[in-house]
Amino acid sequence: MRTLVGFYILCLLLGQDLPLLLADDADFINDSTPNLCFATRLSDFLPPPYSNISDSMPCTPLWNTFVLRYSENRDNNVMTIIVSALYTTGWVGVGFSRDGRMVGSSAMVGWITKKGHAKIKQYYLQGTERDQVVPDQGELQLQKVPPVVALHGAMIYLAFQVKFTVRVPRRAVILAFSTAYPSKLGRLTKHDDKTTVIVDFSKASGVTSIQTTSSTEKTKHGVMAILGWGFLLPLGAFLARYLRHRDPLWYYLHIGIQFTGFIFGLAAVILGIRLYNRIQPDIPAHRGIGIFLLILSILQVLAFFARPHKETKMRRYWNWYHHWIGRISLFFGAVNILLGIRMANSGEDGWKIGYGFVLAVTLLAFLVLEIFRIRGSIGSPSSHTPPPFETHPSSTSSV
């Protein structure tokens, strides 16, 4: 009966959240973004061949003032791309990524120098440091038609032709800008802001963009994972191991905290699946471990409802199963958090420092509490029980 109730609860939880994974967000466009597609005729100031086809290109606002126009020659997979954005100073860039991350992507960056000269270069982003953004390198196969950057009114336009070896309808496009100029050698300054959008180039009537706000979604995913697998679940395990002398308090705390940790862990998995469906990152290890942890956590919840009585012989085997599945889950949970922080390398050390502190405190607490447990101070149901036949001092009388 308890097993059926537990299964029913899980079905309700998953049933409420799974439709979010299957929801079609492909038609989402931020309505607050101004429609800049019809603000001007590009053929009036762009050189050929861009001027010949620019007015008939599908067009959509993507993010902030960024607007994308494109046309594709399906015979040779050559795509003509024009990206525009509001411009004052600094640089504007558009990049293409296999996994939605900035590291490992190739980008076209354009700017107008202080003397009014137009500059456009391809960059390869080897890492997050400034010297790892390499000018005049990248994996974009630019065609013989030279790329162009033009300033018209308050808008800057980057136009280029690129050939993709494999025709993929949906591509992760990185948009970024900075108000600081690149160096004379073309070294880029740190971006003021950036985002990743998924662009569906297969739409005949125009591109449809999904504004991922990937940094926000990654933050939510990471916070849920750290709260669930990095804090609450280890805390619940500590209470079950080191607070048994406070029976039944330890039991109710253990159940409540573990179930709360399970909810946070489940939310992290759901957010992770949604993020994966949007940006399609190449992270098989992180994704596989996450699904593995979800299965283990569901088994742990079901095991609670199938827990045999203390008097039965099965209770010993159930304890072995429950303890070791929990330990394996906590170990792989920590591994997957570290893996996720490494893969989401955003150039900021806050995540590493934050979870490094949590992990260090957890390991230190484990060592200290385990020493006290071995000495018999905590963790045993009978650690504070008086020895047999001990007489209370107040009951003795002097002769």
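Glutamine 300 is buried, because its relative accessible area of 15% falls under the 20% limit used here, where exposed means over 50% and partly exposed lies in between, with a 1.4 Å probe and protein chains only. This glutamine is found in helix α5, residues 284-305, helices being DSSP runs of H or I with at least four residues and strands runs of E with at least two, both numbered from the N terminus. Leaving aside neighbours within four places in sequence, glutamine 300 is in contact with Tyr321, His322, Ile325 and Gly326, where contact means heavy atoms within 4.5 Å.

The model is a predicted one, in which local features need pLDDT of at least 70 and side-chain atom pairs count only at pLDDT 80 or more, while totals for chains, interfaces and linings use all residues. Residues are numbered from 1 along each chain as its sequence is written, and side-chain values use heavy atoms, with hydrogens and water left out.

Turning to the chain as a whole, its secondary structure comes to 7 helices and 13 strands, and buried residues make up 42% of its 399 residues. Among the contacts with a separation of 6 or more, 63% are between residues 24 or more positions apart. The chain exposes about 22500 Å², of which carbon and sulfur atoms supply 61%; these accessible areas come from the Shrake-Rupley method with a 1.4 Å probe, and for residues only the protein chains shown count as cover.

In soluble globular proteins, nonpolar side chains tend to be buried together. The largest nonpolar core in this model has 37 residues, and Ile81 and Leu175 are those with the most contacts inside it; such a core is a set of buried Ala, Val, Leu, Ile, Met, Phe, Trp, Tyr and Cys residues joined through side-chain atoms within 4.5 Å. Strand β5, residues 106-112, gives the largest share of this core, with 5 residues. Apart from this core lies another one, of 12 residues, including Leu233, Leu293, Leu339 and Tyr355.

Beyond the residues up to four places away in sequence, serine 106 touches Val94, Gly95, Phe96, Gln122, Tyr123, Tyr124, Gly138, Glu139 and Leu140.

The structure also holds 12 aromatic pairs, in which rings of Phe, Tyr and Trp (its six-membered ring) have centres within 6.5 Å, with planes under 30 degrees apart counted as stacked, over 60 as edge-to-face and the rest as tilted. In one of these pairs, the ring centres of tryptophan 63 and phenylalanine 177 lie 6.1 Å apart and their planes are at 40 degrees, so the pair is tilted. This pair links distant parts of the chain, since tryptophan 63 is in strand β1 (residues 59-63) and phenylalanine 177 is in strand β11 (residues 170-178), 114 residues apart. Tryptophan 63 is buried at 6% relative accessibility, whereas phenylalanine 177 is partly exposed at 24%. Together with Phe66, these two residues form one aromatic cluster.

Some details of the backbone lie in loops. A cis peptide bond, with omega about 5 degrees, joins proline 48 and proline 49, and proline 49 lies in the loop between α1 (2-22) and α2 (50-53). The peptide bond from aspartate 247 to proline 248 is also cis, with omega near 5 degrees, and proline 248 is found in the loop between α3 (214-242) and α4 (249-279). Asparagine 64 has a positive phi of about 50 degrees although it is not a glycine, and its place is in the loop between β1 and β2 (66-73).

On the surface, Phe292, Met314, Tyr317, Trp320, Trp324 and Ile328 form a nonpolar patch with about 680 Å² of accessible area together. Patches are made of residues with over 30% relative accessible area and no salt bridge, with like charges joined within 9 Å and nonpolar side chains (Val, Leu, Ile, Met, Phe, Trp, Tyr) within 5 Å; a salt bridge is a side-chain nitrogen of Lys or Arg within 4 Å of a carboxyl oxygen of Asp or Glu. Helix α6, residues 314-343, gives the most to this patch, with 5 residues. Tryptophan 324 lies in helix α6 and is exposed, with a relative accessible area of 52%.
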